[in-house]
Amino acid sequence: MEESLEYRQQLLQEYKQAALPLLRYLPWLEKAVGTKASSVYDGQDIGAHSMTFPVYDSTLLNFVKEAAKSPLMDRNYRYVYTRNHINSHEDEKRIIQKAGWKDWDILRGILSYYILGGRTRATLWSQGVQEGIFCLVLKQMKEIIEYWDKPLDYR
């Protein structure tokens, strides 16, 4: 069943519907790789005993909001990391680049780690941009869809 053409086409249609809204952020993410997408608010109103907080790029926040409500989110993303022995950014990048259509859940898990995990760990969203993880995941998803279907028009 898993190898049938109909099954694969159905899956790819689902993948396309899930990924298409996020692909419009790909040009921005490509430009932002290696840069910090956040800063720490250090306004003059902050006292000595006040807590600082990050200020994120508005495009990043829009991307995060859209990704968080997409079907690409996997609340069990931690299992993807333990099952695939992912411990570093290099491991993530290596696995992302090798991913095929059968590894879509791994891509979802890595994306979810940064999007959902960033809600409690302020550095994750910025790391996802700076390390190029968001960009790599979306590029790989786009490549998988285009390989098995047709070129996407996401702009």
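Visitor: Where in helix 1 does the kink lie, and how is it placed relative to a proline?

Guide: In this predicted model, helix 1 has a kink of about 30° at glutamine 17, which comes shortly before proline 21. Even with that kink, the 19 residues of helix 1 reach 25 Å from the first C-alpha to the last, close to the 27 Å expected at 1.5 Å a residue.

Visitor: Which residues of helix 1 are buried, and how should I read such a list?

Guide: The general idea is that an α-helix has 3.6 residues a turn, so residues three or four places apart point the same way. In helix 1 the buried residues are Arg8, Leu11, Leu12, Tyr15, Lys16, Ala18, Ala19, Leu22 and Leu23, and what covers them includes helix 2, helix 3, helix 6 and helix 8.

Visitor: What is the overall order of helices and strands along the sequence?

Guide: The protein contains 8 helices and 2 strands, and when it is read along the sequence they follow the pattern α-α-β-β-α-α-α-α-α-α. Among contacts between residues at least 6 apart in sequence, 73% join residues that are at least 24 apart.

Visitor: How do I read a pair of aromatic rings, and how many such pairs are found in the whole structure?

Guide: A pair of aromatic rings is described by the distance of the centres and the angle of the planes. A search of the whole structure finds 10 aromatic pairs. One of them, formed by tyrosine 15 and tryptophan 104, is stacked, with 4.0 Å centre to centre and 5° between the planes. Tyrosine 15 lies in helix 1 and tryptophan 104 in helix 6, so this pair ties together parts that are 89 residues apart in sequence.

Visitor: Is tyrosine 15 buried or exposed, and is tryptophan 104 buried or exposed?

Guide: Tyrosine 15 has a relative accessible area of 11% and is therefore buried, and tryptophan 104, at 3%, is buried as well. Ring pairs also link Tyr25, Phe63, Tyr77, Tyr81, Tyr113, Tyr114 and Phe134 into a cluster.

Visitor: Which residues have the most contacts inside the largest nonpolar core?

Guide: That core has 48 residues, and those with the most contacts inside it are Leu60, Phe63, Trp104, Ile110, Leu111 and Phe134. Among the elements that give two or more residues to this core are helix 3 (58-68), helix 6 (104-117) and helix 8 (133-148), and the largest share, 9 residues, comes from helix 6. Leaving aside neighbours within four places in sequence, phenylalanine 134 is in contact with Leu29, Leu60, Phe63, Leu111, Tyr114, Ile115, Trp125, Gly128 and Val129.

Visitor: How can the length of helix 8 be checked, and what covers its buried residues?

Guide: At 1.5 Å a residue, the 16 residues of helix 8 should span 22 Å, and the end C-alpha atoms are 23 Å apart, which agrees. The buried residues of helix 8 include Ile133, Phe134, Val137, Leu138, Met141 and Ile145, and their cover includes helix 1, helix 2, helix 3, helix 5, helix 6 and helix 7.

Visitor: Where is threonine 35 placed, and which residues does threonine 35 touch?

Guide: Threonine 35 sits in the loop between helix 2 and strand 1 (38-40), and at 38% relative accessibility it counts as partly exposed. Not counting residues up to four places away in sequence, threonine 35 touches Val129 and Gln130. The C-alpha atoms of threonine 35 and glutamine 127 are separated by 9.3 Å, although these residues are 92 apart along the chain.

Terms used. Residues are numbered from 1 along each chain as its sequence is written. This is a predicted model: local features need pLDDT of at least 70, side-chain atom pairs count only at pLDDT 80 or more; totals for chains, interfaces and linings use all residues. Side-chain values use heavy atoms; hydrogens and water are left out. A nonpolar core is a set of buried Ala, Val, Leu, Ile, Met, Phe, Trp, Tyr and Cys residues joined through side-chain atoms within 4.5 Å. Buried means under 20% relative accessible area, exposed over 50%, partly exposed in between (1.4 Å probe, protein chains only). Helices (H or I, at least four residues) and strands (E, at least two) are DSSP runs, numbered from the N terminus. Contact means heavy atoms within 4.5 Å. Rings of Phe, Tyr and Trp (its six-membered ring) pair if their centres lie within 6.5 Å; planes under 30 degrees apart count as stacked, over 60 as edge-to-face and the rest as tilted. The expected span of a helix is 1.5 Å times one less than its number of residues. The bend at a residue is the angle between axes fitted to the seven residues ending there and the seven starting there.
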